[in-house]
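Here are my notes from going through the model with the viewer open. Have a look at it first, then read the points in order.

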Amino acid sequence: MMRRYEGEDLGPRPHIAVVGSDKLGNFIVTTPLLRGLKERFPRSVLDFYGSPVNRAFEEACPWVDWRMDIFPAAPDRLARIAGALEERTGGEGYGLVVNCDGFNPYTTAL
């Protein structure tokens, strides 16, 4: 079930997902958010769902613990995201998902 985050406690080591974009400028303006999440939740695990266009920047970002390409869209993309979600969270899902892409059909899958 998805619900809006209202500042509640996410536990001692929350698992957070951030859904990025396939545009470099969008990734750049996302970096303060990534830093802020790590400052607010210093023991968190932060997974980033992004783009091959930005892969080098996403991999080098000190606040991203793991990343996966979700762009460009592909027929098997939802199955790959579901597999990654299961592997990354052990079936528990994320404590927080932040969508930085406006409308992204993969956000509800996460």
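1. A definition to start with: buried means under 20% relative accessible area, exposed means over 50%, and partly exposed is in between (1.4 Å probe, protein chains only). With that in hand, F57 comes out as partly exposed, because its relative accessible area is 45%. F57 is found in helix α2; helices (H or I, at least four residues) and strands (E, at least two) are DSSP runs, numbered from the N terminus. Contact here means heavy atoms within 4.5 Å, and leaving aside residues up to four places away in sequence, F57 touches L24 and F27. In sequence F57 and F27 are 30 residues apart, while their C-alpha atoms sit 8.3 Å from each other.

2. A word on provenance. This is a predicted model, in which local features need pLDDT of at least 70 and side-chain atom pairs count only at pLDDT 80 or more, while totals for chains, interfaces and linings use all residues. Residues are numbered from 1 along each chain as its sequence is written, and side-chain values use heavy atoms, with hydrogens and water left out.

3. Now the sheet. Four strands form an open sheet in the order β3-β2-β1-β4, with parallel pairing; two strands pair if DSSP finds at least two bridges between them. At the edges are β3 (66-69) and β4 (96-99), each pairing on one side only. On average, neighbouring strands of this sheet are turned by 15 degrees against each other, direction ignored. Axes are lines fitted to C-alpha atoms, for helices over the stretch in contact, and angles run from 0 to 180 degrees between N-to-C directions. Strand β1 (residues 15-19) runs parallel to β4 and is joined to it by four bridges; the bridge partner of I16 in β4 is L96.

4. What packs on the sheet? Helix α1 (residues 24-40) does, touching β1, β2 (45-50) and β4, and its direction makes about 165 degrees with that of β2. Helix α3 (residues 77-89) lies across β1, β2 and β3, at about 170 degrees to β3.

5. T30 lies in helix α1 and is buried, because its relative accessible area is 7%. The side chain of T30 reaches the backbone oxygen of N26 at 2.6 Å. That is a polar contact, meaning a pair of N or O atoms within 3.5 Å; within protein, one must be able to donate a hydrogen and the other to accept it, and residues adjacent in sequence count only if both atoms are side-chain atoms. Not counting residues up to four places away in sequence, T30 touches V18, F48 and C100. S21, in the loop between β1 and α1, is also buried, with a relative accessible area of 5%. The side chain of S21 makes a polar contact with that of N26 at 3.0 Å. With the sequence neighbours up to four places away left out, S21 touches N26, S51, N54, F71 and D101.

6. How many salt bridges are there? The count comes to eight, taking a salt bridge as a side-chain nitrogen of Lys or Arg within 4 Å of a carboxyl oxygen of Asp or Glu. D65 and K38 form one of them, at 2.7 Å from N to O. D65 is partly exposed at 44% relative accessible area, whereas K38 counts as buried at 13%.

7. The side chain of R67 meets that of E58 at 2.7 Å and that of D69 at 2.3 Å, N to O in each salt bridge. E58 and R67 are both buried, and D69 is buried too. Salt bridges that share partners join R55, E58, R67 and D69 into one network.

8. Last, the cysteines. The disulfide count is zero, with a disulfide taken as a pair of cysteine sulfur atoms within 2.5 Å. C61 counts as buried at 7% relative accessibility, while C100 is partly exposed at 23%.
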